[in-house]
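Please read it alongside the sequence and the structure shown here.

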Amino acid sequence: MLQAEKTDRTHRELLKSAYCLFTERGFDRTAISDIVSLAGYSTGAFYRHYKSKSDILDELWTDFVEDFISDSIAGAMNADSLAQAMDFLVQRSITFFNHPLCSCYYQAGSISSAPMHFHMPAAAKDFTNMLFLLLQREYPHASEARLRTYASALHAVIIAYSSKAERDRDFSFEKNTIREIFLLLATQAGREDSQSPKK
C-alpha cells in the first residue's frame with residue numbers, strides 16, 4: 001500500500017473512531033487516548049492528523065452538516081407543493097439538532113477553554129439558496145431581492161426553532177405555531193407590499 005493510501009486510511013479510521021465515541025459518550029468523556037485505542041493507532045498518529053480533540057470534532061461536524069443539508073435540499077426540491085416542502089424542512093431541522101453529534105458540538109463549545117464557535121459550513125448558503133428557489137418557483141413574478149430576503153428569514157426561523165433544545169435562550173417555540181408562522185412567511189413572500197410608500 002502506498003504511503004498516501006495509508007495516510008488516508010488512518011485519517012478515515014480516526015474519524016470513524018472519534019464519531020463513535022463522541023456520539024456514544026459525549027465530547028468531555030472521550031479522550032484522545034480512547035480515540036486512538038479504538039482505531040488501533042498511537043497518540044503520535046493522531047497528532048500527525050489533528051492538533052486537538054476539538055480539531056477532529058470540527059471536521060466531523062463539517063462533513064455531517066454538508067451531507068445533511070445536501071439531503072435536505074434534495075428532499076425539499078422534490079416536494080409536490082411549497083407547503084409540503086416547508087413541513088419537510090421544519091421536521092428535518094428538528095432531526096438535525098436532535099442528532100447526538102450536534103449535542104456533542106455544543107458541549108465542546110461550552111467546556112473548552114477556547115470555546116468552539118457554532119458555525120455552519122459553506123453548504124448552509126446552499127440551503128438558503130434552495131429556499132429562494134422554492135419561493136421563486138412558487139412566485140416567479142416576485143422580485144429576487146424580496147424572495148432572497150424571505151428565504152433568509154425562513155432559514156433564521158428554522159435555525160432558531162430547531163436549536164431551542166440545545167441553546168440556553170429566552171425564547172418560546174411551539175411546533176404547530178412555528179409551522180403556521182413558517183407557512184405565513186412563505187405565502188407572504190409572493191405578495192408585493194401594496195402598503196409601501198410610493199416614491
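The axes of helix H4 (residues 53–77) and helix H7 (residues 123–138) come within 9 Å of each other and cross at roughly 5°, where axes are lines fitted to C-alpha atoms, for helices over the stretch in contact, and angles run from 0 to 180 degrees between N-to-C directions. The model is a predicted one, in which local features need pLDDT of at least 70 and side-chain atom pairs count only at pLDDT 80 or more, while totals for chains, interfaces and linings use all residues. Residues are numbered from 1 along each chain as its sequence is written, and side-chain values use heavy atoms, with hydrogens and water left out.

**Packing of H4 and H7**

- H4 and H7 are therefore roughly parallel to each other (angles under 35 degrees count as roughly parallel, over 145 as roughly antiparallel, 65 to 115 as roughly perpendicular and the rest as oblique).
- On the H4 side the contact (heavy atoms within 4.5 Å) is made by Glu-66, Ile-69, Ser-72, Ile-73, Ala-76 and Met-77, and the residues contributed by H7 include Phe-127, Met-130 and Arg-137.
- The residues of this contact divide into ten nonpolar, one polar and three charged, with Ala, Val, Leu, Ile, Met, Phe, Trp, Tyr, Cys and Pro counted as nonpolar, Asp, Glu, Lys and Arg as charged, and the others, Gly among them, as polar.
- Ser-72 of H4 is buried, with a relative accessible area of 2% (buried means under 20%, exposed over 50% and partly exposed in between, using a 1.4 Å probe and protein chains only).
- Not counting residues up to four places away in sequence, Ser-72 touches Phe-88, Leu-89, Arg-92 and Phe-127.

**Nonpolar core**

- Of the 59 residues in the largest nonpolar core, Phe-22, Met-86, Leu-89 and Leu-135 touch the most other members; such a core is a set of buried Ala, Val, Leu, Ile, Met, Phe, Trp, Tyr and Cys residues joined through side-chain atoms within 4.5 Å.
- H4 gives the most to this core, with ten residues.
- Leaving aside neighbours within four places in sequence, Phe-22 is in contact with residues including Phe-27, Ile-35, Leu-60 and Cys-104.

**Other residues**

- Thr-10, found in helix H1 (residues 3–25), counts as buried at 11% relative accessibility, and beyond four places in sequence Thr-10 is in contact with Tyr-41 and His-49.
- Gln-91, found in helix H5, counts as partly exposed at 36% relative accessibility.
- Gln-91 and Arg-179 are 88 residues apart in sequence and 9.6 Å apart in space, C-alpha to C-alpha.
- The helices named here are DSSP runs (H or I, at least four residues), numbered from the N terminus.

Terms used
Helix = DSSP H or I, 4+ residues; strand = E, 2+ residues; numbered from the N terminus.
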